[in-house]
Amino acid sequence: MEKGGKGYSSLNKGGKDDSPAKSAKGRRVQFAEDSFDPISGSSPMSGGKAASTQFKGGKGEKVANGGKSTGSKSSKSSEFGIEQELPKNVKCVMNCEAADILQGIQDRMTMLSKDPAIKIPVSFDKGLQYAKSNSHYTKSESVRSILEPLADLGVSEAELCVIGNVCPQTSEEVFALIPSLKVRRSTIEGLVREILRELGKLKKPM
Amino acid sequence: MFFHIVLERNMQLHPRYFGRNLRDNLVSKLMKDVEGTCSGRHGFVVAVTGIENVGKGLIRDGTGFVTFPVKYQCVVFRPFKGEILEAVVTMVNKMGFFAEAGPVQIFVSNHLIPDDMEFQSGDMPNYTTSDGSVKIQKDSEVRLKIIGTRVDATEIFCIGTIKDDFLGVINDPATI
């Protein structure tokens, strides 16, 4: 009988058979994520090593972008390596802003949709619905101007947008959800509290 | 998260579309080809918002098609590691639950669900705290953190966690 080693069957290279990480075609995929402890939920900074989650089991595809994230090497300034992964001309857009943009496009599309050749993609509908349902503010155009002062203190655009999207209630929540801001806590905490107060005034009633 | 980005693409146009409506035909073809697609680098292209530049066309030898380099602005949706976002639960099973945020699917393993939440099978499978005060079931809204992403040919799939502070259920449909 063929031995596959400790914990391995001859057919299964390890991992759970019914792991949902398996793709439909039966390939095992490896989710590469840096600096993450799946048990404690903490995220200590590491040197960019690609660690697998508990779905690791045998050969599988590596994540296209996350395998060796160069962003994590410079993650002292921002946990979000997204700025390094995307081109320089990228502008982060909050959900409320995206809702306005996409709604405008949909209004134009309604006229064009009378042409049967033009089909509105599913991802557009999903994107618009998501943006509208997660837009917490009555005046979306004011949100960015309220958050702008944080940019002068070194907060990245992605971090600003996450604050705008999540709409935290307390400064504790901000620093818990965006750990990369903790290094600047002493300088920005007062401003964060003020900004959250301002954002609270713009919030839509539940 | 949504991004507004300028991308470039080489569009091939058949000579039948030439004429005074050439630019309109080019833009229509661009939107048809690009909207709804997904790439590893940029994520889902949700909508084209404008055309920045259409370069000079180059006739391809042998076919008669003309290739135009087109620079366009578009809104893309791309999740990234560490991002906090709100998603709607679509399926719950003993391994964890699936949720959807826009065009992106996210899986949260039972290992990344707080330990005080247990899986309850039945007609409406769910994860519930021991005192029954918090429940995660289909259509629940949850705030989660992305900890990993995988890109397929046509979609992005993410792994998330709700085990950190300030993460978890926002809205339970049973209480509405």
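On a 1 Å grid over the protein atoms alone, a pocket is an open set of points where a 1.4 Å probe fits, with protein on both sides within 12 Å along at least five of seven lines, and its lining residues are those with an atom within 4 Å of a point. Please keep in mind that this is a predicted model, in which local features need pLDDT of at least 70 and side-chain atom pairs count only at pLDDT 80 or more, while totals for chains, interfaces and linings use all residues. Residues are numbered from 1 along each chain as its sequence is written, chains are lettered from A in the order in which they are written, and side-chain values use heavy atoms, without hydrogens and water.

The largest pocket is lined by 30 residues, and those nearest its centre are Asn134(A), His136(A), Glu86(B), Glu141(B) and Ile170(B). Two or more lining residues come from each of α3 (122-133) of chain A and β6 (84-93), β7 (96-101), β12 (141-151) and β14 (168-171) of chain B, where helices (H or I, at least four residues) and strands (E, at least two) are DSSP runs numbered from the N terminus.

Turning to the helices of chain A, α4 (residues 140-152) and α5 (residues 157-166) pack at an angle of about 140°, with their axes 10 Å apart, the axes being lines fitted to C-alpha atoms over the stretch in contact, and angles running from 0 to 180 degrees between N-to-C directions. That makes α4(A) oblique to α5(A).

With α7 (residues 185-202) of chain A, by contrast, the axis of α4(A) comes within 9 Å and crosses at roughly 175°, which makes α4(A) roughly antiparallel to α7(A). Angles over 145 degrees count as roughly antiparallel, under 35 as roughly parallel, 65 to 115 as roughly perpendicular, and the rest as oblique. Among the residues that meet here are Ile146(A) of α4(A) and Leu191(A) of α7(A), contact meaning heavy atoms within 4.5 Å.
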